[in-house]
Amino acid sequence: MAVRSIGEYKFPSRSRQELYGDDQLVHLWWKGNLWFCAAACFRAPKAMSWNDFVAGMVNPLFSCDPDFDAATTTFTWTVDDKPVSPAGDESLEALGVGHKSLITCVAA
Amino acid sequence: MAAPRKLSMKQRYAALTRDLDWDLSYVDEDKAYPYTSFEGIKIHDWSKWEDPFRLTIDAYMKYQAEKDKRLYAVLDSFAQGQGHLQLTDPSYLNAMKLFLQGVTPLEYQAHRNFAYLARFLNGPGPRFAALCQSQDELRHAQTEIHTLSNYNKYYQGMHSWQHQHDRVWYLSVPKSYFDDAVTAGPFEFLIAIGFSFEYLLTNLLFVPFMSGASFNGDLPTMTFGFSAQSDESRHMTLGLEAIKFMLEQDPDNVPIVQAWIDKWFWRGYRLLALVSQMLDYMLPRKVMSWKEAFELYFEEQMLGGLFPDLAYYGIKPPRHVEHAIAEKEILSHQVYWTLYQFSFAAGFTTTVPSEDAQKWLAEQYPQTFERLYKPLWDKASAVVDDGGRYFYQGLPQLCQVCQVPMLFTEPGDPTTICQRHTEFEGERYDFCSDGCQWIFEREPEKYVQAWLPVHQIYQGNCGGPTVPDVLAWYKLQPGDNGEIAGNVEQTAWEAWHATSSAEEQAPAPVAGN
Amino acid sequence: MTQSTGPTPTRVRQVGVDIQETEENRAVVEAVEADNEDCTVRHMPGLVRITSPTRIVVNRESVEQRLGREWETHEFQLAIVSYFGHIAEWDDDQILIQWDH
């Protein structure tokens, strides 16, 4: 259903990808861990490698959980509900991560 | 000759409100009132609008003046009697900071839009009722600011509320709610604010705040609250009359009104998530739990009382209400847990609930607190014992519609965050619940414009890329945010109560600007 | 969708009014209690809540008797904090709160 309005009602998205240049918004969700009240939102380059993403974004966030240990905690991953096995130098884009994608992990 | 008789209330109302109207002769009605047809609502006879209060301008002014006199007498005695020292605990004021930052600007918004209705509704009855409400809302904004300014002299977090309303992440929740309402047509606004906010949900907002103030030694807030609330009864009546009027005017209005009730119940309910944690966590001395308030003010009064009345017109209880009912056991805990970890960027402070407070929570929520939330608080306490304090190192995913961080869980599963998304014109949008997703899909063109604080920070529109940049842009001052324990406000409070010397109490050591 | 009838499905359909707890309002509350046999009065912080399974009537004369002065029904605006039900009548002599349907 369209908005009922007094004139034409058409506006661009205020979070469209082009507003972030070569970057995009990426959501990161540690499923089943309520220590984190909600999934996180990051601005990350599309070409960012998985290793850089883990080192620069995942680990600093997850380290606020005293039970997390970057060296020993292992996860299974999905991107928008599709299982993925990310390799170290693969880019987020190559992994299928798009603008506002949801990267989900479950502790193994 | 008999002496002229005093007019009855009915006659006075007819003479002063209705009879002063006139029929337009040199301009078409739809030119004079151009906004009352595009929403599809059909009105055949504007004179059928009822105002049970039968208010006339002279009576209105007389009683409003009396209400103000009573309030200002209390404010004077508060200032003269060092009232700021009478609170149960300075952390109580977190509830008032949230109120001032989140609700007071809404009163002003309401003032503006009811002024618009007072000009653009076709009938003199509803125009006059809207005019009174417009004036009331302005009075509420002014008296709230005036009342709380007495605390601003001594406490943190109350100096830049208006500025913060437009900028700070959690305040985009109430702001966007009202933006949504004032950009709708006049009839939808009447359902959104007049009915849903003022009738369906107002008691859940105001009465707990005011009883909380009464229970926590905050006399002036209690007084302004009850003063405002006495107007609120009139606003409730306007909301209820508005919905009955629309439903009675034409059967084609029923499905339109139903969809608005569905939308604005859920919008309002999500907004009240902020109130739920206030009742259960922010008040040092508890009044009633969110669960109890929800059962009393919503389930009993609205679902049990109002909706059977509206069923006469074919109106059903709001869509997704079953999710709200199921959430009453978990809502406040999830929300405060979120505020706890994000209060580094808030205009209020948070802390791990005390042992007594946790005991109370366990009693109020026997099904959920000890099983789901106590373990989290124990873990947060252990972090504190180790000399730390848990703050979320990042920014949260936000719901595109309600703008609350996506903290809510799947219906029936309180351990899994609820994730919903919809693709619209090639872009993905995320939602916290079926309710918010449904609202988006009804009017996607409206919600794609949402000013989501997290996205705006990432676009560089909020002062800079780092957290300190953003906090400076929010105008947060040291002591406004973060942890309660050891905060300047707490330290000052202890100093005031430790000394009995009037000279030492006189200055305001933590005054804002 | 699930239709809810509240926590207890057999609940009576109440109407109610919340009144600010003040010296003057005590007369109003007493008048309401006297004129509404089936009403229940509950004291909450700062306010008095009156509920009834049928309807609530506020009579000007009853209030005036207890207050010992003239009282116009408009003054009830200074007392009322909230209500639920429908204001079915509000004239010079009486205020009536009940559900319509």
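Chain C has a mean pLDDT of 87, and 89% of its residues reach 70 or more; pLDDT is the predictor's confidence in each residue, from 0 to 100. Over residues 1–10 of chain C, the pLDDT is below 50. Beyond near neighbours in sequence, that stretch has 19 contacts in the model, a contact being two residues whose C-beta atoms, placed from the backbone, lie within 7 Å. The scores of the model are ipTM 0.97 and pTM 0.93.

This is a predicted model, in which local features need pLDDT of at least 70 and side-chain atom pairs count only at pLDDT 80 or more, while totals for chains, interfaces and linings use all residues. Residues are numbered from 1 along each chain as its sequence is written, and chains are lettered from A and ligands numbered from 1 in the order in which they are written.

I turn to the contact of chains B and C. Chain C contributes 33 residues and chain B 40 residues. On the side of chain C, the elements giving two or more residues are β1 (15–20), α3 (76–79), β5 (80–84) and β6 (86–90). Here helices (H or I, at least four residues) and strands (E, at least two) are DSSP runs, numbered from the N terminus. The most comes from β5(C), with 5 residues. By class, this side of chain C has 13 nonpolar, 14 polar and 6 charged residues. Ala, Val, Leu, Ile, Met, Phe, Trp, Tyr, Cys and Pro count as nonpolar, Asp, Glu, Lys and Arg as charged, and the others, Gly among them, as polar.

Also in chain C, strands β2 (residues 40–44) and β3 (residues 47–52) pair in the antiparallel sense over 5 bridges; pairing requires that DSSP finds at least two bridges. C:R42 stands opposite C:R49 in β3(C). The hairpin of these strands has 2 residues between them, and C:G46 takes a positive phi near 85°.

Finally, chain B. How do the axes of α3(B) and α11(B) cross, and within what distance do they come? The axes of α3 (residues 57–80) and α11 (residues 219–249) come within 9 Å and cross at roughly 175°. Axes are lines fitted to C-alpha atoms, for helices over the stretch in contact, and angles run from 0 to 180 degrees between N-to-C directions. These two helices are therefore roughly antiparallel, the term for angles over 145 degrees, whereas those under 35 count as roughly parallel. Among the residues that meet are B:L71 and B:F78 in α3(B), and B:P220 and B:F224 in α11(B). The residues of this contact divide into 7 nonpolar, 3 polar and 2 charged.

Methods:
Parallel < 35°, antiparallel > 145°, perpendicular 65-115°, else oblique.
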